[in-house]
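Student: Could you take me through one part of this protein close up? I would like to see how a single residue sits among its surroundings.

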Amino acid sequence: GYARHLKILPNSGENLLLRPAGAGAFTRKDFSGLKLTVVAPAQVDLDKLKASWKKMLKKVKAQAVSYAELADYVDKTVNNLSSVVTLAEFGKKTMLLTGDARGDSVIEGLKGAGLLSPGPLHVSLLKMPHHGSWRNMSGTFFEQVVADFYVFSADGKYDNPDEATIESLLDVRTDDKFTLVLTNDCNGRVAWIEKQRKARGRHFKLAVRPDGKRSVVVYLGEALCGAAARDSLARRPARRLARP
């Protein structure tokens, strides 16, 4: 429905953006200065997802589950491994958007795109894989991907973001030149992070979505408009898409 409202034609014949199979190869799209490098998924990941989806559709046809329940029944690992992972570049600012991918899959894709040679990849902002779940991360990931802002988009479901993930990050990043960004203060994570910061004698920054706000904003540099205009935009009521 949103696609139709925005006059976007789904499945319009565009080639899928995949991580190429060849070593050192990558897929890159340029949109008026915004460069997107596709890190994942690989074709093999989508093949597994397709097989899993077909299997679950048989259950729908047999009325074992409804379409609404289908997403909850499909193998979560297959879903996560097929997540779209993209490196966005605009000017000197970069964002690594990881979806629900596993850390090792992201690293493999970055290596294939030649983005980890030599040394680690530094990005302005990293959207933490799978809401900061420890099941998707390791200290090795934080050694190879270094960010100025680490965004944890989680609401506490399945205990995300996990304390073990944050501990692993703090163990690797000892320079404190970064900011942890939480979309929600859930499961007492803010108090726990503050306790960690004090116990470790650390000085990294912490940002949390303010109460009553619909989102948390991360400024990666100078705003495209002046401060006065930016503040004016911030005061405007949120726009909603008109329903058909």
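Tutor: Happy to! Let me start with a term: accessible areas here come from the Shrake-Rupley method with a 1.4 Å probe. On that basis this predicted model has an accessible surface of about 15,500 Å², and 54% of that surface belongs to carbon and sulfur atoms. The protein has 244 residues, of which 35% are buried, and its secondary structure comes to nine helices and eight strands. Among the contacts with a separation of 6 or more, 64% join residues 24 or more positions apart.

Now let's zoom in on Arg209. You will find Arg209 in the loop between β8 (205–208) and α9 (227–235). Is Arg209 buried, exposed or something in between? Buried means under 20% relative accessible area and exposed means over 50%, so Arg209, at 24%, counts as partly exposed.

Next, look at what surrounds this residue. Setting aside neighbours within four places in sequence, Arg209 is in contact with Leu182, Thr183 and Asn184, and also with Arg214, Ser215 and Val216. Asp185 gives you another distance to check on screen: the C-alpha atoms of Arg209 and Asp185 are 7.9 Å apart, while the two residues are 24 apart in sequence.

Definitions and conventions:
Residues numbered from 1 in each chain as written. Predicted model: local features only at pLDDT ≥ 70, side-chain atom pairs only at ≥ 80, totals over all residues. Heavy atoms only, no water. Helix = DSSP H or I, 4+ residues; strand = E, 2+ residues; numbered from the N terminus. Buried < 20%, exposed > 50% of the residue type's maximum accessible area, 1.4 Å probe, protein only. Contact = heavy atoms within 4.5 Å.
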